[in-house]
Amino acid sequence: MAWVLKMDEVIESGLVHDFDASLSGIGQELGAGAYSMSDVLALPIFKQEDSSLPLDDETKHPPFQYVMCAATSPAVKLHDETLTYLNQGQSYEIRMLDNRKMGDVPEITGKLVKSIIRVVFHDRRLQYTEHQQLEGWKWNRPGDRLLDLDIPMSVGIIDTRTNPSQLNAVEFLWDPAKRTSAFIQVHCISTEFTPRKHGGEKGVPFRIQVDTFKQNENGEYTDHLHSASCQIKVFKPKGADRKQKTDREKMEKRAAHEKEKYQPSYDTTVLTECSPWPDTPTAYVNNSPSAAPTFTSPPPSACSVPDSNSSSPNHQGDGIPQASSEQLQPSATIQETQQWLLKNRFSSYARLFSNFLGADLLKLTKEDLVQICGAADGIRLYNALKSRSVRPRLTLYVCREQPAPQGQQPAAGGGDSSSAAPFVYHAIYLEEMVASEVARKLALVFNIPFHQINQVYRQGPTGIHILVSDQMVQNFQDESCFLFSTVKAENGGGVHIILK
């Protein structure tokens, strides 16, 4: 047994010696000078994975950087977007910096690029109504622009352009290899687009956005390169300085642990990368106002005149489509949604909702629509989407009197004799309590040319004819029943209607 144990020890020591010897060469073969991670990554097992992974330099290194020389607010919480206060009409420098590394975007080396600077709404709801908002601003301040370039102070910009129909945008060419600074002036203030005038603190925020393009094969500057933007608020002259001071004083009064939740104020504002603005440069240059889209008219049945004996308030024989055809369905396509808007007298918003499906439009709340379309049209559009019909102010039941056989008189309450067919009454609904509305609805329901109706009379005691006036209509009881007949006018031109 002792011999066996000794043999085990010999074998074990031999194995350890051989293992140590095998490791002794590793340091010599893979020394510090010879070791390279690139050799390891070159192995086939790593090549396939490496080719599928994006390089950090390609995804995180923009070709340009834009820096606005205006301090950011200290009252912005960490991880929130910076906010910069500007004075109305004051010139602010935006430095256009070439941020490319060696070999990046070589096609623009030695060439010019085009940048478009815009002042746009930060609030997405206001972005939907940008055209209407800017038109209203233009109406109140004729001849003014929302954004201007201070050309004498600017450096390195070439071929500056402003379009009269694009009051919030300027464009210019510049050489990335040369120092370039564009000085901008914002002439609109944040409170001009708020429903109530509270002051600068309650004003809506804007965005300064820069979109840069290179030339395509046809020499047009339409190939997008880079976009960046920042959030701003615009105050009346000196107002931005006062607001900045107020924010700084508020932060100084906060406890140390509270200050840690806020960003420091920076002397300049770096515009952060964003998606390009939807308007392309071509649309900006050829900025003829586009009309609302036109579509093929719906089938006649969708807007046919309903039967005159319909009992719905919307079915008045005046060409109003039936409620089922007026209802916008969630499955409606973009074209069907546009047709619905045009048919329901919302053509001015057809362009605004040009990409909306029926479901998209139906998802908007009443507050959204009021914000987008204004109070009047917003409420009207909301009611139309929800198919809220207007309750008539007065309902009347009328029947056209037919000659009674053998001297029989029809009952005013709509009764019928044993030998005659029942008298069928038609409902007419009045939204206005005026005599002309009575005549118009009678003409529509009973196919009487409206221009031929001279007067409407009501038969009174002893058979006298009383002129139906607005005051009389206002004193009609709801759901009153009338027989009516027509008599030729004395001069032979037209007819009189007599209610009994």
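1. In this predicted model, strand 4 and strand 7 pair in the antiparallel sense, and six bridges hold the pairing. Within it, Ile-117 stands opposite Val-170 of strand 7. Strand 7 also has strand 6 (residues 157–161) as an antiparallel partner, over three bridges, and there Ile-157 is the residue that stands opposite Trp-174 of strand 7. Strands of a sheet pair through backbone hydrogen bonds, in either a parallel or an antiparallel sense.

2. Strand 7, which covers residues 169–174, deserves a point of its own, because six of its six residues are buried and the strand is therefore largely enclosed by the rest of the structure. In a regular strand the side chains alternate between the two faces of the sheet. In strand 7 both faces are covered, with Ala-169, Glu-171 and Leu-173 buried on one side and Val-170, Phe-172 and Trp-174 buried on the other. A reader going through the model may wish to note that Glu-171 is among these buried residues.

3. The largest nonpolar core has 41 residues, and those with the most contacts inside it are Met-68, Ile-117, Val-186, Phe-206 and Ile-208. Strand 10 gives the most to this core, contributing five residues. Ile-117, named here for its contacts, is also the residue that stands opposite Val-170 in strand 7. For Ile-208, once its neighbours within four places in sequence are left aside, the residues in contact include Ile-94, Ile-117, Val-119, Ile-184, Val-186, Ile-232 and Leu-271, and also Arg-118, Ser-229 and Cys-230. In soluble globular proteins, nonpolar side chains tend to be buried together.

4. A pair of aromatic rings is described by the distance of the centres and the angle of the planes. The rings of Tyr-85 and Phe-235 have centres 5.4 Å apart and planes at 90°, and the pair is therefore edge-to-face. This pair links distant parts of the chain, since Tyr-85 belongs to strand 2 (residues 83–87) and Phe-235 to strand 10 (residues 221–235), 150 residues apart. Tyr-85 counts as buried at 9% relative accessibility, and Phe-235 likewise counts as buried at 7%.

5. In the second pair, the rings of Phe-121 and Phe-206 have their centres 6.0 Å apart and their planes at 40°, so the pair is tilted. Phe-121 lies in strand 4 (residues 113–121) and Phe-206 in strand 9 (residues 206–215), so the pair ties together parts of the chain that are 85 residues apart in sequence. Phe-121 is buried, with a relative accessible area of 3%, and Phe-206 is buried as well, with a relative accessible area of 2%.

6. An open sheet of six strands has the order 14-13-17-18-15-16, and its pairing is mixed. Strand 14 (426–430) and strand 16 (465–467) stand at the edges with a single partner strand each, so one side of each is left without a neighbour in the sheet. Neighbouring strands of this sheet are turned against each other by 40° on average, with direction ignored.

7. Strand 13 (residues 394–400) runs antiparallel to strand 14, to which five bridges join it, and Leu-396 stands opposite Ile-428 of strand 14. Helix 16 (residues 435–445) packs on the sheet, where it touches strand 13, strand 14, strand 15 (453–459) and strand 18 (495–499), and its direction makes about 145° with that of strand 14. Strand 13 is joined by five bridges to strand 17 (residues 480–488), and these two run parallel, with Phe-482 of strand 17 as the bridge partner of Val-398. Strand 17 and strand 18, also joined by five bridges, run antiparallel, and the bridge partner of Thr-486 is Ile-497 in strand 18.

8. Among contacts between residues at least 6 apart in sequence, 68% join residues at least 24 apart. The chain exposes about 29500 Å², of which carbon and sulfur atoms supply 53%.

Notes. Residues numbered from 1 in each chain as written. Predicted model: local features only at pLDDT ≥ 70, side-chain atom pairs only at ≥ 80, totals over all residues. Heavy atoms only, no water. Phe/Tyr/Trp six-rings, centres within 6.5 Å; stacked < 30°, edge-to-face > 60°. Helix = DSSP H or I, 4+ residues; strand = E, 2+ residues; numbered from the N terminus. Buried < 20%, exposed > 50% of the residue type's maximum accessible area, 1.4 Å probe, protein only. Contact = heavy atoms within 4.5 Å. Areas by Shrake-Rupley, 256 points an atom, 1.4 Å probe, with all protein chains shown as cover. Pairing = 2+ DSSP bridges. Axes fitted to C-alpha atoms, helices over the stretch in contact; angles between N-to-C directions. Core = buried A, V, L, I, M, F, W, Y, C linked by side-chain atoms within 4.5 Å.
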